[in-house]
Amino acid sequence: MKNTVARKLKQVPEGYLIVGVDPHKKKHAAVTITQDLTIHDRFKFDNTREGLEFLLQRVKTVMAKSGCRGIMFAIETGGHYWRNIAYYLDERGIPFRFINQYTLKRRREGKNLNKRKNDFRDSEVAAQLLCTGEFVDSGIPQGVYAELRTAHNAYRRLVKERTRITNLIKALLDSLFPEFVHVFKDPCALTALNVLSTCSIPGVIAGMTEGEFIALIEAQHHGRRLMRRKLGELRSLARASIGIEAGARSVSMEVSFLVEKLKLIREQIQTIERTLIKLVDASEEGKYLLSIRGLH
């Protein structure tokens, strides 16, 4: 641990002005301190290009007045608002380091027993943590690696949304047509989804003959191979279903909407999976990763 802190302290050049930044959606807060922890300025700046340019002009002025020979930023990484600042500074070759939000919170609460919190206080603590070597290395992805990270984050959100919608469909079926899962263990399989998007009310299904029900599903989804035997079983169970009839049409309509959304998300997942494969192939490590058995 001591070696880690010592290594990090060497990354902070002596005589530099430290700028702590607490990012927000509209206005960021900044505090400038020297390495003796003396505060020289505190101000807010807009989350725009003009605001970032104002930030650099102001800290350069403070740097000259305080006799410092350079500038280094300490950026709290809570939320995602830090990204624009980090990439802006990186493009200009200005050094910065990230401050973990939980480390900052513990330090702030440890020093302020009254739990006082404001934007400038967080910025000040971020700058102090940089001076004591309690920061995170600030590598940010560029090029194909930035695309890969962004695509993977989108993939994770889509998978999470797919799971949420699947669980919601199952929950709605528990009251609308509980016996549905006796025939289709996976209510989100191809034939099951075709039924749910067309007609999922047991009373309506029971009012048709088996042939009429199968013909209806096939007519709505022509060209797809459907499991006729299971459609027949489902129609038989619908005749004795304990599904709730009150509000059934509205629930069925919601299920239909969710099915269409689920189909769209599945297509999006397939698209982004193809994108991820191309990005991995384009990376330097791609050929080595894909050479590992079981990864491709």
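Good morning, colleagues. Residues are numbered from 1 along each chain as its sequence is written, and side-chain values use heavy atoms, with hydrogens and water left out. Because the model is predicted, local features need pLDDT of at least 70 and side-chain atom pairs count only at pLDDT 80 or more, while totals for chains, interfaces and linings use all residues.

I begin with the cores. A nonpolar core is a set of buried Ala, Val, Leu, Ile, Met, Phe, Trp, Tyr and Cys residues joined through side-chain atoms within 4.5 Å. Buried means under 20% relative accessible area, exposed over 50%, and partly exposed in between, with a 1.4 Å probe and protein chains only. The largest nonpolar core has 38 residues, and those with the most contacts inside it are Ile169, Phe177, Phe180, Phe213 and Leu234. At least two residues of this core come from each of the helices H6 (143-176), H7 (180-183), H8 (190-198), H10 (210-220), H11 (228-238) and H12 (248-282). Helices (H or I, at least four residues) and strands (E, at least two) are DSSP runs, numbered from the N terminus. With 11 residues, H12 gives the most to this core.

Another core lies apart from it, with 26 residues, among them Ala30, Leu55, Leu56 and Tyr88.

I turn now to a helix pair. How do helix H2 and helix H3 cross? The axes of H2 (residues 49-66) and H3 (residues 82-91) come within 11 Å and cross at roughly 60°. Axes are lines fitted to C-alpha atoms, for helices over the stretch in contact, and angles run from 0 to 180 degrees between N-to-C directions. H2 is therefore oblique to H3; angles under 35 degrees count as roughly parallel, over 145 as roughly antiparallel, 65 to 115 as roughly perpendicular and the rest as oblique. The contact (heavy atoms within 4.5 Å) is made by Arg49, Leu52, Glu53 and Leu56 of H2 and by Asn84, Ile85, Tyr88 and Leu89 of H3.

Next, Val280, which has its place in helix H12. Val280 counts as partly exposed because its relative accessibility is 22%. Leaving aside neighbours within four places in sequence, Val280 is in contact with Leu148, Gly286 and Leu290. The C-alpha atoms of Val280 and Val144 are separated by 8.4 Å, although these residues are 136 residues apart along the chain.

Finally, Leu37 lies in the loop between strand S2 (27-33) and strand S3 (39-46). Leu37 is not a glycine, yet has a positive phi of about 70°. Most residues other than glycine have a negative phi.
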